[in-house]
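Please open the structure in your viewer, with the sequence panel alongside, and follow the selections below in order.

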Amino acid sequence: MAATGQEEDDIDHYEVLCLPSGEEGAALTIEQIEKAYRTQSRQRHPDKRPDDPNATADFQRLSSSYKLLRDESLRRQFDARLRGRREAAARAAASGVKRRKAVSDLEERERAAAAGQPANPEELAKREMKQKAADIERELKEFQNAKKAAASGAAATSASGDKKGGASQDGVRTDKGKILKVSWDGSADSYTAAKLEELFQKFGKVEDIVIKTRKSRSKGSAIVVMDTKEAAVLAIQNHFSLFPLNVAPVQESGGLPARSTQTYESRTSNIDGTGFSDLEASVFRKLQEAQKRKQCG
């Protein structure tokens, strides 16, 4: 039975002769096609398959495919149809991949929106950068406020100092009672001022936080100033709830001499972005010097 026009268009004549198709088939010589036809005609002749009801139709198709491939003009037309068929299949496959990816991306965005998370790593990175910028801006404002407060506090301390050394009667001792030294394993970037404030404010109002910047990546430290002594004591008593932070009080002393106050005023009145660590370091040195004077006295 002869094949219909649609069936004829769907036939790959190279495959009928058991030859490679596509670009490889188009490169075959007439001699190679004839050799393949002779081999297949011997194997698929109806006399060799008396019990196969499709043997005659199969042999007729073999013969018609061979005749088409032997005709140079018909073969070029057939090769062009094959190329068009392959290109259409490739476009359909690519379109299918794009559709599946679009659906997958849409589902991912919907899940991320429902979970309150960014849809992809790029959006996550942008959100983290915005958060870091907000943290830096907040810490800068806190630092500027601390600088102003330190300058005005140093002037007040100098004005109310006693005759022996110029230290305040009770301001230094009270301030030191509210100061906590905090340290942790890891770089200074492991904790921001905002994060420390969040952790310590459960014990009371946090007045100020200064994070020391270090070159070492193995240790970070900061000074946390609570609003009251009671809040500082409560934080020390419950330090285990702040693990892995190490929390320690600043030792009480008999007050700081005028020289220390002047040094502090000089440094705080001239600090800038790069002097941030000098402020915190000077606080540590002041406290250590005061403790030494107390022990020697």
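Begin by selecting strand β1 (residues 179–185), which is largely enclosed by the rest of the structure because five of its seven residues are buried; buried means under 20% relative accessible area, exposed over 50% and partly exposed in between, with a 1.4 Å probe and protein chains only. Strands (E, at least two residues) and helices (H or I, at least four) are DSSP runs numbered from the N terminus. This is a predicted model, in which local features need pLDDT of at least 70 and side-chain atom pairs count only at pLDDT 80 or more, while totals for chains, interfaces and linings use all residues. Residues are numbered from 1 along each chain as its sequence is written, and side-chain values use heavy atoms, with hydrogens and water left out.

**Helix α10**

Now select helix α10 (residues 229–237), in which A231, A232 and A235 are buried. These residues lie on the same side of α10 because they cover an arc of only 100° around the axis, the arc being that of the directions from the helix axis to the C-beta atoms. Turn to the face away from that buried side to find the exposed residues E230 and Q237.
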